[in-house]
Amino acid sequence: MSRLWLMNVAPDASDDEIRALTKKYAPQLDCLTLQREGNDGPRPIAFMTFTGGELGSVEQLAGRLDGMFWKERKLGCTTII
C-alpha cells in the first residue's frame with residue numbers, strides 16, 4: 001500500500017474530485033482511503049492510500065501533482081513511507 005500527501009487542496013473540492021484528479025494522472029492506481037485534515041485552515045490536506053500500479057507509481061504521481069495549479073491553488077505533493 002502506497003501513501004500520498006496532497007497539500008493546499010481547495011476546501012470546496014469534493015473527495016470524488018480529488019480521486020478523479022489522481023485517477024487522471026495515474027489510472028493504474030486505486031484509491032483505498034482519503035482523509036481530509038485542516039479544511040478550515042489556510043492549507044487543507046488530503047492524505048490518500050493507493051493500491052495497484054508498479055513500483056514507483058505513486059512517486060511518479062506525486063511528481064506530476066507537485067506544483068500543479070488546480071482549483072486556483074498550487075498543490076504540494078509528497079509520498080509517505
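In what sense do strand 1 and strand 3 pair, and over how many bridges? Strand 1, residues 2–7, and strand 3, residues 45–52, pair in the antiparallel sense, over six bridges. Before I go on, please keep in mind that this is a predicted model.

Let me stay with strand 1 for a moment. Two of its pairs with strand 3 can be named. Serine 2 stands opposite phenylalanine 50 in strand 3, and leucine 6 has alanine 46 of strand 3 as its bridge partner. Strand 1 is also joined to strand 6, residues 76–80, by five bridges, and these two strands run antiparallel. There, methionine 7 stands opposite glycine 76 of strand 6. As a general point, strands of a sheet pair through backbone hydrogen bonds, either parallel or antiparallel.

Four strands make an open sheet, and their order is 2-3-1-6, with antiparallel pairing. Which strands stand at the edges? They are strand 2, residues 29–37, and strand 6; each has a single partner strand, so one side of each is left without a neighbour in the sheet. On average, and ignoring direction, neighbouring strands in this sheet are turned by 25° against each other.

Next, the helices. Helix 1 packs on the sheet and touches strand 1, strand 2 and strand 3. The direction of helix 1 makes about 140° with that of strand 2. Helix 2 packs on the sheet as well, touching strand 1, strand 2, strand 3 and strand 6. The direction of helix 2 makes about 10° with that of strand 1.

How do the two helices sit against each other? Helix 1, residues 15–25, and helix 2 pack at an angle of about 110°, and their axes are 10 Å apart. The two helices are therefore roughly perpendicular to each other. On the helix 1 side, Leu21, Thr22 and Tyr25 meet Leu61, Arg64 and Leu65 of helix 2. Sorted by class, this contact has four nonpolar residues, one polar and one charged.

A few single residues now. Serine 57 lies in helix 2, which covers residues 57–65. Is serine 57 buried or exposed? Its relative accessibility is 5%, so serine 57 counts as buried. Apart from neighbours within four places in sequence, serine 57 is in contact with Gln28 and Leu29.

Threonine 78 has its place in strand 6. Threonine 78 has a relative accessible area of 30% and is partly exposed. Not counting residues up to four places away in sequence, threonine 78 touches Arg3, Leu4, Trp5, Met7 and Ala62. Between threonine 78 and alanine 26 there are 52 residues in sequence and 15 Å in space, C-alpha to C-alpha.

Last, the cysteines. How many disulfides does the structure hold? The count is zero. For a disulfide, the two sulfur atoms would have to be within 2.5 Å.

How values were computed: Residues are numbered from 1 along each chain as its sequence is written. This is a predicted model: local features need pLDDT of at least 70, side-chain atom pairs count only at pLDDT 80 or more; totals for chains, interfaces and linings use all residues. Side-chain values use heavy atoms; hydrogens and water are left out. Buried means under 20% relative accessible area, exposed over 50%, partly exposed in between (1.4 Å probe, protein chains only). Contact means heavy atoms within 4.5 Å. Axes are lines fitted to C-alpha atoms, for helices over the stretch in contact, and angles run from 0 to 180 degrees between N-to-C directions. Angles under 35 degrees count as roughly parallel, over 145 as roughly antiparallel, 65 to 115 as roughly perpendicular and the rest as oblique. Ala, Val, Leu, Ile, Met, Phe, Trp, Tyr, Cys and Pro count as nonpolar, Asp, Glu, Lys and Arg as charged, and the others, Gly among them, as polar. Two strands pair if DSSP finds at least two bridges between them.
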